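Biologist: I would like to learn how to read a model like this one. Can we go through it feature by feature?

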Amino acid sequence: MKNRQAANRWITVVQVLVGLAVLGGVLWIASRLYGYYQARAAYDQLSADYTAPVAAQDAETGQGTPASAGSLTVDFAALQAQYPDVVGWLQFDDRPVIDYPVLHAQDNEYYLRRAPDGTHSEAGSLFMDCANQSLTDPYVLIYGHHMQDGSMFAGLLDYQEEDFYRNGTGCFTLYTPEGVRRYQIFAVQFADDSSPLYSIGFAHDEAFGSFLQQVKENSLYDTGVTVTAEDQVLSLSTCATVSGEGKLVVTAKYIGGE
């Protein structure tokens with residue numbers, strides 16, 4: 001009888017522990033989902049408060065109609081007054097649309113888990129490498145998280161597939177206080193932290209040209225887009241998996257703007 005009672009007590013303890021573990025897992029998942037919701041809501045509000053689509057005039061009616069993808073106005077005066085570290089706004093043509101402000105801090109850690117207002121956020125912010133001085137540097141690097149809900153830079157993973165690239169424009173727009181800059185993707189590749197892609201600054205044009213050639217050669221597929229040391233180039237980096245293993249880097253060149 002005593003052995004049976006002891007066994008029953010152990011079974012009860014195990015059941016309680018299993019229940020607590022399941023409850024903890026549910027609470028963790030709920031917390032993550034709520035974090036995703038908060039981040040999405042915050043960025044949606046930023047977009048609503050500080051950006052607006054450019055309207056194209058209909059030739060016959062004179063009515064304003066939504067312009068093509070990438071056509072925004074960004075109120076940088078108001079945006080930077082509230083968030084002084086904002087240096088630009090990035091928007092992709094291809095869906096799922098990447099549509100976020102770009103921040104710049106004195107190190108590459110600050111905005112990893114912070115929203116533009118400096119509060120904690122699992123999604124963090126898109127941010128330019130601290131070694132860059134300007135979005136118009138010869139080579140610019142921008143980081144963003146690969147979020148499990150598909151937000152932030154998760155959409156870059158679609159460019160692993162050549163068909164996705166071919167079926168879209170392969171272009172994005174970078175809005176800055178100085179004007180609008182259009183970019184064309186020319187390479188997509190996996191990388192690790194030791195890759196030259198994470199080095200900012202080149203001794204001379206020849207070194208930059210060799211670097212770009214290497215980037216082209218390491219691309220998962222040939223985009224058919226040419227690039228030279230005279231081009232201004234921008235790389236977008238995110239984790240290749242939601243667990244953070246490896247990196248995926250999408251590299252593009254400046255093709256014009258206002």
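Modeller: Start with Thr251, which counts as buried because its relative accessibility is 1%. Buried means under 20% relative accessible area, exposed over 50%, partly exposed in between (1.4 Å probe, protein chains only). This is a predicted model, where local features need pLDDT of at least 70, side-chain atom pairs count only at pLDDT 80 or more, and totals for chains, interfaces and linings use all residues. Residues are numbered from 1 along each chain as its sequence is written, and side-chain values use heavy atoms, leaving out hydrogens and water.

Biologist: Which residues is Thr251 in contact with, beyond its neighbours within four places in sequence?

Modeller: Contact means heavy atoms within 4.5 Å. With those neighbours set aside, the partners of Thr251 include Phe186, Leu197, Val215 and Ser235.

Biologist: Where does pLDDT stay under 50?

Modeller: pLDDT is the predictor's confidence in each residue, from 0 to 100. Where it is low, the predicted coordinates should not be read in detail. Here pLDDT stays under 50 over residues 25–32, with 1 contact beyond four places in sequence. It also stays under 50 over residues 56–70, with 19 such contacts. The protein averages a pLDDT of 85, and 78% of the residues score at least 70.

Biologist: How is the lining of the largest cavity split by class?

Modeller: It has 6 nonpolar, 1 polar and 3 charged residues. Ala, Val, Leu, Ile, Met, Phe, Trp, Tyr, Cys and Pro count as nonpolar, Asp, Glu, Lys and Arg as charged, and the others, Gly among them, as polar. On a 1 Å grid over the protein atoms alone, a cavity is a set of points where a 1.4 Å probe fits but cannot get out; lining residues have an atom within 4 Å of a point.
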